[in-house]
Amino acid sequence: MIENKSKYTALIKTEAKRLGFLSCGISRAEFLEEEAPRLEKWLNNNMNGEMRYMENHFDKRLDPTKLVEGSKSVVSLLLNYYPEEKQIDNSFKLSKYAYGTDYHFIIKDKLKSLLHFIQDEIGEVDGRAFVDSAPVLDKAWAAKSGLGWIGKHSNLITQQVGSFYFIAELIIDLELDYDARVTDHCGTCTACIDACPTEAITAPYVVDGSKCISYFTIELKENLPNAFHGKFDDWMFGCDVCQDVCPWNRFSKPHNEPLFNPHPELLSMTKKDWEEITEETFQKVFKKSAVKRTKFSGLKRNINFLKE
Ligand code: SF4
Ligand code: SF4
């Protein structure tokens with residue numbers, strides 16, 4: 001049985017690589033003891049802003065066995081989205097993860113393939129796939145599985161490729177070999193804290209979500225707060241500042257997923273182009289993109305806030 005466990009673990013990790021995932025790490029499905037007080041404090045301080053869904057399923061968030069009955073392992077996977085080409089300078093900016101096709105579709109397909117592979121090769125294994133959509137603390141699981149450490153900006157970082165990747169999980173009822181954490185290599189660096197345009201990183205490892213440009217431009221449904229006027233550093237959808245300044249992202253390598261490539265027009269649009277964007281152009285450049293979550297009106301609201 002022990003032999004099988006190692007064999008299955010190796011099979012899964014090899015298949016994950018073949019499917020294009022950057023890396024795969026595995027943890028025992030159990031209560032996330034270290035995360036519980038941190039999440040509670042974060043919620044109690046209202047750092048989730050209007051993101052009320054963060055308060056739901058508190059128990060399930062911390063314990064995958066409550067989320068997926070009979071689960072034994074959390075298989076965490078990283079998928080690189082770092083683009084080869086970026087937007088021109090002097091444009092309104094879009095977070096790099098949103099350049100191409102909505103990652104939910106791409107990753108769900110890959111996770112399904114991985115689960116089918118497990119079922120074909122290993123036998124009756126039950127499980128569920130998660131991409132940023134259900135109550136799973138994906139960064140905490142990825143860190144617990146040795147895929148990287150959570151940096152002072154609260155994103156997962158690896159020494160090999162920095163932090164520009166998506167995190168997803170398969171939670172399955174199969175025992176596997178489990179990975180150990182890696183050490184934190186933030187050291188004395190404070191680059192992300194110093195560079196955050198809205199001072200949302202209130203202390204090392206604590207991001208006040210309710211002050212973060214990503215939250216304002218993507219999650220907030222109401223008007224953008226006047227107190228933050230002029231502080232968005234030209235970001236109209238998401239914000240990459242804390243990741244862009246992180247020295248570990250010198251090691252980012254371009255992804256090789258064609259579906260993550262942006263519409264060619266997107267990279268060359270100037271501020272003026274964005275200001276004058278029509279619904280037709282929006283539908284064209286963001287066809288299948290995660291930016292559609294804000295709808296045309298949401299993006300327009302953000303652009304208007306930047307130009308006012
Ligand atoms: S994403 Fe932008 S606003 Fe949010 S914490 Fe990072 S630098 Fe600050
Ligand atoms: S910028 Fe520095 S402190 Fe922030 S996450 Fe990167 S290494 Fe850590």
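Trainee: Which residues are around ligand 2?
Mentor: We are looking at a predicted model, where local features need pLDDT of at least 70, side-chain atom pairs count only at pLDDT 80 or more, and totals for chains, interfaces and linings use all residues. Residues are numbered from 1 along each chain as its sequence is written, chains are lettered from A and ligands numbered from 1 in the order in which they are written, and side-chain values use heavy atoms, with hydrogens and water left out. A residue is near a molecule or strand if one of its heavy atoms lies within 4 Å of it. For ligand 2, that gives Gly151, Lys152, His153, Ile157, Cys186, Cys189, Ala191, Cys192, Cys246, Pro247 and Trp248.

Trainee: How many residues in the shell around ligand 2 are charged?
Mentor: Let's sort by class: Ala, Val, Leu, Ile, Met, Phe, Trp, Tyr, Cys and Pro are nonpolar, Asp, Glu, Lys and Arg are charged, and the others, Gly among them, are polar. The shell has eight nonpolar and two polar residues. The number of charged residues is one.

Trainee: And how many charged residues are in the shell around ligand 1?
Mentor: The residues around ligand 1 include Cys196, Cys212, Cys239 and Cys242. By class, this shell has nine nonpolar residues and one polar. As for charged residues, the count is none.

Trainee: Which domains give at least three residues each to the shell around ligand 2?
Mentor: Domain bounds come from an automatic or database domain assignment. That assignment divides the chain into 2-84 + 99-172 and 191-250 + 262-307. At least three shell residues come from each of domain 1 and domain 2.

Trainee: What area do domain 1 and domain 2 bury between them?
Mentor: The size of an interface is often given as the accessible area lost when the parts come together. Here buried area is the accessible area (1.4 Å probe) that two parts lose on being put together, summed over both. In domain 1, Tyr99, Lys152 and His153 lose the most area to domain 2, together 28% of what that side buries. The two domains bury, with 62% of it on carbon and sulfur atoms, about 2300 Å².

Trainee: Is Lys144 buried or exposed?
Mentor: Lys144 sits in helix α6 (residues 138-144). Contact means heavy atoms within 4.5 Å, and, leaving aside neighbours within four places in sequence, Lys144 is in contact with residues including Ser27, Glu30 and Asp179. Buried means under 20% relative accessible area, exposed over 50%, and partly exposed in between (1.4 Å probe, protein chains only). Because its relative accessibility is 18%, Lys144 counts as buried.

Trainee: What is the relative accessible area of Val131?
Mentor: Val131 is found in the loop between β4 (127-130) and α6. Beyond neighbours within four places in sequence, Val131 is in contact with Tyr103, His104, Ile107, Lys108, Leu111 and Ala168. Val131 is buried, with a relative accessible area of 2%.

How values were computed: Helices (H or I, at least four residues) and strands (E, at least two) are DSSP runs, numbered from the N terminus.
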